[in-house]
Amino acid sequence: MPMNLISKTIIKELATKASGLDNDQGNARLKEIVNRLLYDLMIAIDELDISMDEFWAGVGYIGEVAKANELGLVVPGIALEHFLDLRLDEAERRAGLAGGTTRTIEGPLYVAGAPLAKGETRLDDGTDDGEILFMEGRVFDTAGNPIAGAIVDVWHANSFGFYSFFGPQQSPYNLRRRIETDRDGRYRFRSIMPSGYGCPPGSNTETLLAKMGRHGQRPAHIHFFVTAPGHRQLTTQINIDGDKYLHDDFAFGTRDDLIPPVERVTDAAEIHKAGLNKPFVRIGFDFRITREVAGAPGTVVHREHAVAA
Ligand SMILES: [Fe+2]
């Protein structure tokens, strides 16, 4: 079929009616958004000459993704979650907010309500034989003052790349904790080194990525929300340096200043001092969070979160 069969005037009229823009009822913002998306979609169908079969394959695909609860995986996979971060970065820059730790995507695997510890804690339940990790640092404001009582909410995958709650055989809230910083703004935890992971084999997300010649792998990383009263929530991750996919993350989550050095400690005296009998890994990372400012776009994302039973 030839392209551009329908005039833009007719498309505009259809999108206007379909989104209710020609009445004064309903939600004005929703109507504006639906109108724009419909108009752009109809233009794309017309200009790309999208066939009936292609169109319904797309509708069917979205339905399958929703049924499999994979929307939270497809969205980062097609760079939309990272794109929202880029927009928030720029909005903050224009609002004069600077000096905070770089944000990056939350991803779909957060579970609300992890146990709260003061100062330091252990994240793993002792069943994972992976490399032992000690991670510590401080939470500062952008003037360099430590923030006592900040909450570092941390979650990561196990050494096989699986998250508790979503993956197989892990105790509740394994590798998930909230840590309240001490009077010096310090947090510290013991855990095991996470592994990178990929989209589940055979998943709708992997199918789409493969059709675009892309892989669905993420490098190893650790997720954080950092919050404190009067400050803007930071959503970020650190990446484990040296991972094969460090700069080839299917979810576009890697950012250059979120790759702290990974120190592998093999000195016998140090191992003994840590109360261990084998080498371990040490990572230091400080967070800087910005004060809340009137008029700046919010950083708390309201989306569906799992809650462990
Ligand atoms: Fe993750």
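Reader: How do strand S4 and strand S13 pair, parallel or antiparallel?
Author: Strand S4 (residues 132-141) and strand S13 (residues 280-284) run parallel, and five bridges link them. Two strands pair if DSSP finds at least two bridges between them. Helices (H or I, at least four residues) and strands (E, at least two) are DSSP runs, numbered from the N terminus.

Reader: What kind of model is this, and how are residues numbered?
Author: This is a predicted model, in which local features need pLDDT of at least 70 and side-chain atom pairs count only at pLDDT 80 or more, while totals for chains, interfaces and linings use all residues. Residues are numbered from 1 along each chain as its sequence is written.

Reader: Back to S13. Which residue there is the bridge partner of Leu133?
Author: Leu133 has Val281 as its bridge partner in S13.

Reader: And how does strand S12 pair with S13?
Author: Strand S12 (residues 263-265) is antiparallel to S13, with three bridges between them. In that pairing, Val265 stands opposite Phe280 of S13.

Reader: What is the strand order in the open sheet of five strands?
Author: The order is S2-S6-S5-S10-S11, and the pairing is mixed. At the edges are strand S2 (116-118) and strand S11 (234-239), each of which pairs on one side only. From one strand to the next, the twist averages 25°.

Reader: How many bridges join S5 to S6?
Author: Five, between strand S5 (residues 151-156) and strand S6 (residues 176-180), and the two run antiparallel. Trp155 has Arg176 in S6 as its bridge partner.

Reader: New topic: helices. At what angle do H1 and H2 pack?
Author: Helix H1 (residues 8-18) and helix H2 (residues 28-48) pack at about 145°, and their axes are 9 Å apart. Axes are lines fitted to C-alpha atoms, for helices over the stretch in contact, and angles run from 0 to 180 degrees between N-to-C directions.

Reader: Which residues meet there?
Author: From H1, Ile11, Lys12, Leu14, Ala15, Thr16 and Ala18 meet Asn35, Leu38, Tyr39, Met42 and Ile43 of H2. Contact here requires C-beta atoms, placed from the backbone, to lie within 7 Å.

Reader: What about Leu109: buried or exposed?
Author: Leu109 counts as buried because it has 21 C-beta neighbours inside 10 Å. The cut-offs within 10 Å are 20 or more other C-beta atoms for buried, 12 or fewer for exposed, and partly exposed in between. Leu109 sits in the loop between helix H5 (80-94) and strand S1 (111-112).

Reader: Which residues is Leu109 in contact with?
Author: Tyr163 and Phe166, leaving aside neighbours within four places in sequence. Gly230 is 121 residues from Leu109 in sequence and 27 Å away in space, C-alpha to C-alpha.

Reader: And which residues of H6 are buried?
Author: In helix H6 (residues 204-211), the buried ones are Asn204, Thr205, Glu206 and Leu209. Their cover includes H3 and H4.

Reader: What is the phi of Ala79?
Author: Ala79 is not a glycine, yet its phi is positive, about 70°. Ala79 lies in the loop between H4 and H5, and it is partly exposed because 14 other C-beta atoms lie within 10 Å.

Reader: Where is Asn69?
Author: Asn69 is in the loop between helix H3 (52-67) and helix H4 (71-77). Asn69 also has a positive phi, near 55°. Asn69 is exposed because it has 12 other C-beta atoms within 10 Å.

Key: Contact = placed C-beta atoms within 7 Å.
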